[in-house]
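Please look over the sequence and the model shown below before reading on.

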Amino acid sequence: MNAIPRPSAAESRLAARLSRHIAGQVLFHPADRGRYATDASIYQVVPVGVVIPRSIEDVEAAIAIAREEGVSVLARGGGTSQCGQTVNHSLVIDCSRHLRRVLAIDPAAMTARVEPGITLAALNQALKPHGLFFPVDPSTWQRCTLGGMAGNNSCGAKSIRYGLMADNVRGIEAILADGSRHYFGEESPRTDLIARLHALGEAEAAEIAARFPKLLRRVGGYNIDALTPEARRANPAPGEVGRANLARLLVGSEGTLAFSAALDLKLSPIKPRKVLGICQFPTFRRAMEAAPHLVTLDPEAVELVDRTMIELGRAIPLYRPTIERMLIGEPDSLLIVEFHGHEDGPLLAALDRLEEMMGDLGLPGAVVRAVDPAFQARIAEVREAGLNIMMSMKGDAKPVSFIEDAAVRLEDLADYTERLNAVFDRYGVKGTWYAHASVGCLHVRPVLNMKDPADVRKMRAIAEECFALVREYKGSHSGEHGDGIVRSEFHEAMFGSRILRAFEAVKDAFDPPRPGLPAGLFNPNRIVRAPRMDDRSLFRYPPGYAPDPAIRPALDWSDHPGGFLGAVEMCNNNGTCRTFDAGVMCPSFRITREEVHLTRGRANTLRLALTGQLGPDALASEALAEAMSLCVSCKACRRECPTGVDMARMKIEVLAARNARHGVPWRDRLVAELPRYAPLAARLPWLFNLRNRLPPLARLMERFLGFAADRALPAFVADPFRDEEATGAGPILFADCFNRWFEPENLRAALRVITAADAAPRSAGRLCCGRTYLAAGMVDQARAAAARSLALLDDGSDRPIIGLEPSCLLTLRDEFPALVPGAPARRVAARARLIGEWLAEAKPAIAWRPVAVTAHVHGHCHQKAFGAFAPGLEVLRALPGLSVKPIESSCCGMAGSFGYMAAHQEASRAMAEAALLPALRSAAPEDVILADGTSCRHQIAGLLGRQALHSIRLLDRALP
């Protein structure tokens, strides 16, 4: 496949001008442009360049320069659009990094003014102390921006109660194509532009009334119904957004008319209580037939979960327990009905009425009640991850977004969905269904392979038949996610040619053609004058897309159809990795807010490299090295990314490729070879620890090897753990290098605890998991170490292999099968347990002594990635008198040797300060800090000056 070209002379001139006149970043490297070439759609369009403005003044300057240079402009927020509206051959202006302030909140008027790059999650966090929230709630609420929501006319699950984005935006401060600023709201200035727009609305009022669907969920085209005399005559209720409010015209315009510099929002009071009823249905049609009845109970939302989503969710460890708890038997479909309010009594009565209605519908006892807030939160996680859960299908065939937004009247929903399923059957494809049953807008995605020309033709044919059905039912072909590339070309068929000409007139009034910009300045050829949705030259997988045959992976990727590239392609660009308020993923993005340092950005960079789009040998390139430079291999994406993108394993491939080209750097080799020289260091600890005591030597090591002079390295001890200390016949104790040579007291404590459980362990011997080699990309050495370990550990028994250091023990479970594929690796992986997991499973009859102390517990990233943190907490909570306080935090920032490097000090400290250190500063001096990761304990000691213990030490203290 052709490589993304270097900037042309004209593009270089544009970049130079931008760099001189704005304070923000200017990104024109092929890799940067490639990272912004995709959104969550099937499309890829490489932009001219990228600007990340620091202020609205930067935006104004960038727009002016682009206009003068004849380059179009595309505003972008979180980049999670599913229809291709945030990709174009334009200058991309990424608002999400800096333009994210709340400019004003008026609690009395229930309004707020915000910049376009603020996320919905951040806004609602700022509003919560005032008892208010912004009620439009798309499933991407944690990372979608308010500017993007306005561009799409976003909706969410509660639109039956609160309406669409257009119903909740009171005004927009906009920058027009000529650089002027105009305010669009209830009282817009009387300008020539406004007069022309109102004249258009008057001329087309009858056609608008005849052709616009009479549905809540209509977001296709421009909202020109706001321009009609009828809309202007309507009197809005106090606090409501009027039908003639001209902000409605910009909402849903996908950045094609103007740039939104600030948005005035209508807020709603928080309803603090809610209950959910999860209704079970034996068939999909029964669920669809029930929806019109259920909405008569006045719910906040009614959301569909179909059988496909149930099964895919079950296959994801993060969601499996929640899915199981939501089910009664094996239903075909679920409808999740939400009731919100201020008191429990009326809400529980609403659940009673729901159960009564289900009985009247012939389905008694078919409601799972969810009244516990923790259970409700987990259900919300599953619902919000719906798209990503569907996209977790492995292989080239995926559920594709192109007809997923059609909406029909509730009374037509059962017939419409049945007929559309018949269309799918006729083309031999399966459709997956979920989402907004309350408003007749179900997200349906046929499973197709966008690399296969035959499936692309099927996509086109299915779209045409689907939209014909929608027209027959007088529905809306675009009900939430916008138009972009995938639906814009169908506006004429849906609305008629006269309405399409009116849309074009609106575009030209706002953004007229000009020299060098025949389709206008802002996001050209979207909504109007659009390309064909099946133009494969615009696809992420265009003709000629194929893996570079010269790239040979170092690890085994056979668990992914398509191998290494197939694993990379699991990233669907939906941006779950951009969240800040829960989990671990993605530590580097949380401190930088840069696409290059995001799981999605890295996956896109890898995909481009693996398919030749970044030139030859790109896997070993500086572009890949930069993308991976702040990846701490936390493995959070392996678990928290709903499609299971394992960036830590992918980083190993990049490091191995760079080693093959450039050799292994000395500093990496020094860390990687620790298992080899540690026995010598234990005999001469005074010599190997000299660097920590002599500042000049520390400074010398920083200069030549890169280790930060002000960070103490782990100290070797003179009495390391010896294998003859554990010679029992019970479980195998895997004595990792870090605890063996640096903190042997942890292994000795484990020995006592395991023995107290009547399971005297035997040491596995001086084995190496290969973790230090993998962290340096030295795959051959890691494979040799794994093979040696497997030869001894795969002993034909089923004895558990118990370890203390998460990064080492879990290497047996995760990387061994990729290093030495086969039955021995699978058997050993199945037996590997962290000490907390083993104790939780074995439940030994130990009469623990009281431990009257508070323990603040930090989970190692790998513990969390493999679901091993919760079992450890369970064991700690069994100790009498112990108050266990888990810390909600991402990566500590040490991450092996990452935090010891001078080049990473700023990033390492920022990761620690994001949540971990602030939480620990609140700990009382007498409290205990627990952290099972060696690197975590050293980070806490180095940055906070407090000792953290492995949890096994506290368990040892509690032994009778």
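## Helix H23

Helix H23 covers residues 599–610, and at 1.5 Å a residue its 12 residues should span 16 Å, which agrees with the 16 Å that separates its end C-alpha atoms; the expected span is 1.5 Å times one less than the number of residues. Helices (H or I, at least four residues) and strands (E, at least two) are DSSP runs, numbered from the N terminus. The model is a predicted one, in which local features need pLDDT of at least 70 and side-chain atom pairs count only at pLDDT 80 or more, while totals for chains, interfaces and linings use all residues. Residues are numbered from 1 along each chain as its sequence is written, and side-chain values use heavy atoms, with hydrogens and water left out.

Of the 12 residues of H23, 12 are buried, so the helix is largely enclosed by the rest of the structure. Here buried means under 20% relative accessible area, exposed means over 50%, and partly exposed lies in between (1.4 Å probe, protein chains only). Among the buried residues of H23 are Arg-600, Arg-602, Asn-604 and Arg-607, together with Leu-606, Leu-608 and Leu-610. After H23 comes Gly-612, which has a positive phi, near 80°.

Side chains of opposite charge can pair when their charged atoms come close. A salt bridge is counted when a side-chain nitrogen of Lys or Arg is within 4 Å of a carboxyl oxygen of Asp or Glu, and a search of the whole structure finds 75 of them.

One of these joins Glu-404 to Arg-487, with the closest N and O atoms 3.1 Å apart. Glu-404 sits in the loop between strand E16 (397–399) and helix H17 (413–426), whereas Arg-487 sits in the loop between helix H18 (453–472) and helix H19 (491–495), so that the pair links parts of the chain 83 residues apart. Both Glu-404 and Arg-487 are buried.

Another salt bridge, at 2.6 Å from N to O, brings together Glu-489 and Arg-460. Glu-489 lies in the loop between H18 and H19, and Arg-460 lies in helix H18, 29 residues apart. Glu-489 is partly exposed, with a relative accessible area of 23%, while Arg-460, at 11%, counts as buried.

Glu-815 forms a salt bridge with Arg-771, their closest N and O atoms being 3.0 Å apart. Glu-815 is in the loop between helix H36 (806–814) and helix H37 (816–819), and Arg-771 is in helix H34 (residues 771–775), 44 residues apart. Glu-815 is buried, with a relative accessible area of 1%, and Arg-771 also counts as buried, at 12%. Through shared partners, salt bridges join Glu-815 and Arg-771 with Lys-635, Arg-638, Asp-646, Arg-649 and Asp-814 into one network.
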